[in-house]
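Colleague: I have not looked at this one before. Can you walk me through some parts of it?

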Amino acid sequence: MATTTTALTGVQHFFDDAGIPRKIPYVGVSASPSTGARTPSLAFRYYNADEVILGKPMKEWLRFAVCYWHTFRGNGLDMFGQGTINRPWDDGSNSLDNAIRRIRVAFDFMQRIGVEYWTFHDRDIAPTGETLAETNTLLDQVVQEAKALQALTGIKLLWGTANLFGHPRYMNGAATNPDANVFAYAAAQVKKAIEVTKELGGQNYVFWGGREGYQSVLNTNIPRELDHFASFLKMAVAYKKKIGFEGVFLIEPKPREPTKHQYDYDAQTTIGFLRQHGLESEFKLNIEPNHTTLAGHDYEHDIIVSSMCGMLGSIDANTGDNMVGWDTDQFNMDVKKATLLMHAVIKQGGIAPGGLNFDCKVRRESVDVEDLFISHISAMDTFAHGLRCAAAIITDGILSQMVSQRYSTFDSGIGARVENHTTTFEELEHHALTHPEPIPTSAKQEKFEVVFSTYSS
């Protein structure tokens with residue numbers, strides 16, 4: 001293997017050969033399509049990392065991260081067809097050499113697009129061995145390479161996690177599996193994943209229970225499984241404190257897929273579960289909007305709900321396709337969605353120590369190396385555009401004034417006593433009996449939409 005100082009130079013030809021610049025330039029909105037880039041898709045028009053918006057650099061508001069699993073392990077496989085994507089740096093083997101080469105390419109990629117954070121599952125970055133002990137040893141070797149690459153590039157780990165859904169042992173769940181032996185194996189895997197996340201200076205650790213749910217209630221003891229899940233999380237908290245890991249624990253809600261019903265269905269369900277088991281001070285939520293829409297909510301719903309409860313910790317910044325019934329993990333190119341998301345982030349003062357992680361994959365028909373760059377650059381620009389729009393909305397204050405006016409009857413009189421929790425049903429009845437019939441007031445939804453569109457178009 002090459003020494004760390006030459007690690008990146010040894011793999012740069014993979015992107016150089018595809019005509020990718022060593023650093024993606026910022027050219028601004030007014031630049032001509034070909035300015036500063038081989039194609040207009042290989043330049044930033046809205047994302048200017050160090051530009052200050054509302055007192056913070058854009059890169060600090062956005063805190064972009066590249067996810068390892070889709071970007072460097074995705075091959076275009078779907079439920080109807082085999083993989084379509086072959087990367088020149090990946091020989092398809094389960095070897096340590098292939099894993100090391102792959103992670104070096106990943107850090108070269110992140111440097112070129114100017115992303116300062118990354119995320120991974122344990123089984124994404126390292127080969128698996130014949131035993132858990134052998135797998136842990138292989139993981140340690142790749143983690144040491146990642147640690148050296150982080151020191152070399154300044155790129156940091158946003159969060160790590162364990163893959164508790166891919167292996168057949170987890171077909172009936174991990175922390176909610178009816179087999180205690182599988183429960184123990186999952187605990188061992190999470191213990192190791194927390195350790196390596198700490199080793200890499202990870203700022204968060206994510207729990208995503210892809211198979212923590214059920215396919216049929218006929219063979220499922222739901223109360224027992226939920227109790228086991230809570231116990232699992234409590235043991236994780238205890239171990240986190242024991243080893244001094246200072247990162248934030250995050251739970252990522254999803255309503256279904258691959259299970260028919262997943263226990264952490266959405267933000268409100270997950271917050272309720274955490275409060276029920278006394279864990280609300282130990283966890284925040286990692287919200288993926290594609291999961292939110294699968295739960296039947298608007299794109300921004302779980303972000304706003306989590307934020308208002310003080311539980312929004314990080315965001316998997318993707319989107320889905322309303323015409324497809326599964327989690328498509330697409331790059332968001334919708335500025336209105338990005339504006340609503342960034343409005344919530346600004347209102348809570350930022351997303352740190354979380355970030356906007358691109359839990360996204362190129363379409364299985366997008367097979368060129370260039371497509372990896374176009375997708376990330378365009379999504380980064382979309383959220384940067386959304387940040388600019390959200391900042392303008394907050395600065396102007398027009399929408400917030402319109403919302404305040406809708407609720408103005410709660411600012412004084414009987415309304416104020418409702419909000420101050422100082423009134424009673426008897427007093428409210430007296431108010432209703434002694435005042436005229438309320439006159440319906442227009443919600444002005446169309447006006448709100450028009451005003452919002454003036455910022456987000």
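Modeller: First a term: helices (H or I, at least four residues) and strands (E, at least two) are DSSP runs, numbered from the N terminus. This is a predicted model, where local features need pLDDT of at least 70, side-chain atom pairs count only at pLDDT 80 or more, and totals for chains, interfaces and linings use all residues. Residues are numbered from 1 along each chain as its sequence is written, and side-chain values use heavy atoms, with hydrogens and water left out.

Colleague: What about phi at Glu-257?

Modeller: Phi of Glu-257 is positive, about 80°, although the residue is not a glycine. Most residues other than glycine have a negative phi, and most peptide bonds are trans. Glu-257 also sits in the loop between β8 and β9.

Colleague: How exposed is Glu-257?

Modeller: Partly, with a relative accessible area of 25%. Buried means under 20% relative accessible area, exposed over 50%, and partly exposed in between (1.4 Å probe, protein chains only). Lys-444 is another residue other than glycine with a positive phi, near 55°. Lys-444 is in the loop between α16 (425-434) and α17 and is partly exposed at 46%.

Colleague: Switching to strands. Which strand does β11 pair with over three bridges?

Modeller: β10 (residues 283-287), in the parallel sense. Two strands pair if DSSP finds at least two bridges between them. Leu-285 stands opposite Leu-312 in β11. β11 is also joined to β14 (residues 356-358) by two bridges, again parallel, and Ile-315 has Leu-356 as its bridge partner there.

Colleague: Is β11 covered or open?

Modeller: Mostly covered: five of its five residues, 312-316, are buried.

Colleague: Now α6. Why do its ends sit 31 Å apart?

Modeller: α6 (residues 132-153) has 22 residues, and at 1.5 Å a residue they should span 32 Å, so the distance of 31 Å between the end C-alpha atoms agrees. The expected span is 1.5 Å times one less than the number of residues.

Colleague: Which of its residues are buried?

Modeller: Among them are Leu-138, Leu-139, Val-142, Val-143, Ala-146 and Leu-149. Their cover includes α4 (96-113), β4 (117-121), β5 (156-161) and α7 (180-199). Just after α6, Gly-154 has a positive phi of about 85°.

Conventions: Contact means heavy atoms within 4.5 Å.
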